Structures are given as C-alpha cells and as structure tokens.
Amino acid sequence: MKVKRIVANIATTDPALVAGFYKDVLGLDLLMDHGWIVTYGNESPTSPQVSFASEGGAGTPVPALSVEVDDVEAAYLAACAGGHDIEYGPVDEPWGVRRFFVRDPAGTLVNIVMHKR
C-alpha cells in the first residue's frame, strides 16, 4: 500500500468564504465544489506529508496548514493586498526557510513557506 494523497479538511460554516484566499493568494484551482465542501489544488506532483508539532517553530503557534510556494514574497504581497491578517513574518528562519503566517477568511492559521536554496 502506498499513500497517494493527503487532504486537509478544515471545518467552516461557509466553504465559499475562503475561495478568494486560496485562489488569489495561493493560485490554486477549484477542483471540486459540492456546496458543502470545496477543494482547491493543482495538478502538480507532490509528496504526501503530515506533520505533528508542539509549536510552529520560533515560538509560534502550530499552523493548521503549511503551504510551500515558489515565491513567498508574491504570496505575502497577495495576502496583504487581499486584506488578510498576517500573524508572523515574513522571516528567514535558521532552518533554511522563508515564511509567514496568515489567517484565511475562516480563521485558519496558514504557514506560507519557501525553502531557501
């Protein structure tokens, strides 16, 4: 048996509320919409991962999601332009990433991260 995909399912009373954030800030496509559940993503190949943490690193709270992007500055500017609450960063962390924490419209804490090369 091999895991093919891991999907985070986040409870919200209004799934449509988060559409602009995940489409405009992260550039994800709407893959499924049943009204009561919407799924955003893309067709790029990924490696399934799940993390368990006692903190979010650097003394921050544990984010519900970590989203790796290829341009953290562009995501940060899009989040700011959309009026989303930035809770941390952007900052270069000593473990080799640049990241920021932002709340989506449903209040979910999201870690937007880019590995520094």
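Val50 lies in the loop between strands β2 (38-41) and β3 (65-68). The model examined here is predicted. In this model, Val50 is exposed, with a relative accessible area of 54%.

Charged side chains were examined next. Side chains of opposite charge can pair when their charged atoms come close. The structure holds five salt bridges. Three of them are described here, beginning with the pair formed by Glu73 and Arg98.

The side chains of Glu73 and Arg98 meet at 2.3 Å, N to O. The pair links distant parts of the chain. Glu73 belongs to helix α2 (residues 72-81), while Arg98 belongs to strand β5 (residues 97-103). The two residues are 25 residues apart. Glu73 has a relative accessible area of 32% and is partly exposed.

A salt bridge also joins the side chains of Glu87 and Arg103. Here the N to O distance is 3.0 Å. Glu87 sits in strand β4 (residues 86-92) and Arg103 in strand β5, so the pair ties together parts that are 16 residues apart in sequence. Both partners are partly exposed: Glu87 has a relative accessible area of 45%, and Arg103 has a relative accessibility of 27%.

Asp92 forms a salt bridge with Lys116. The closest N and O atoms of this pair are 3.8 Å apart. The pair counts as a salt bridge because the cut-off is within 4 Å. Distant parts of the chain are again linked, with Asp92 in strand β4 and Lys116 in the segment after β6 (109-115). The separation between Asp92 and Lys116 is 24 residues. Asp92 is partly exposed at a relative accessible area of 40%. Lys116 is partly exposed as well, at 45%.

Salt bridges that share partners join Glu73, Asp92, Arg98 and Lys116 into one network.

Terms used: Residues are numbered from 1 along each chain as its sequence is written. This is a predicted model: local features need pLDDT of at least 70, side-chain atom pairs count only at pLDDT 80 or more; totals for chains, interfaces and linings use all residues. Side-chain values use heavy atoms; hydrogens and water are left out. Helices (H or I, at least four residues) and strands (E, at least two) are DSSP runs, numbered from the N terminus. Buried means under 20% relative accessible area, exposed over 50%, partly exposed in between (1.4 Å probe, protein chains only).
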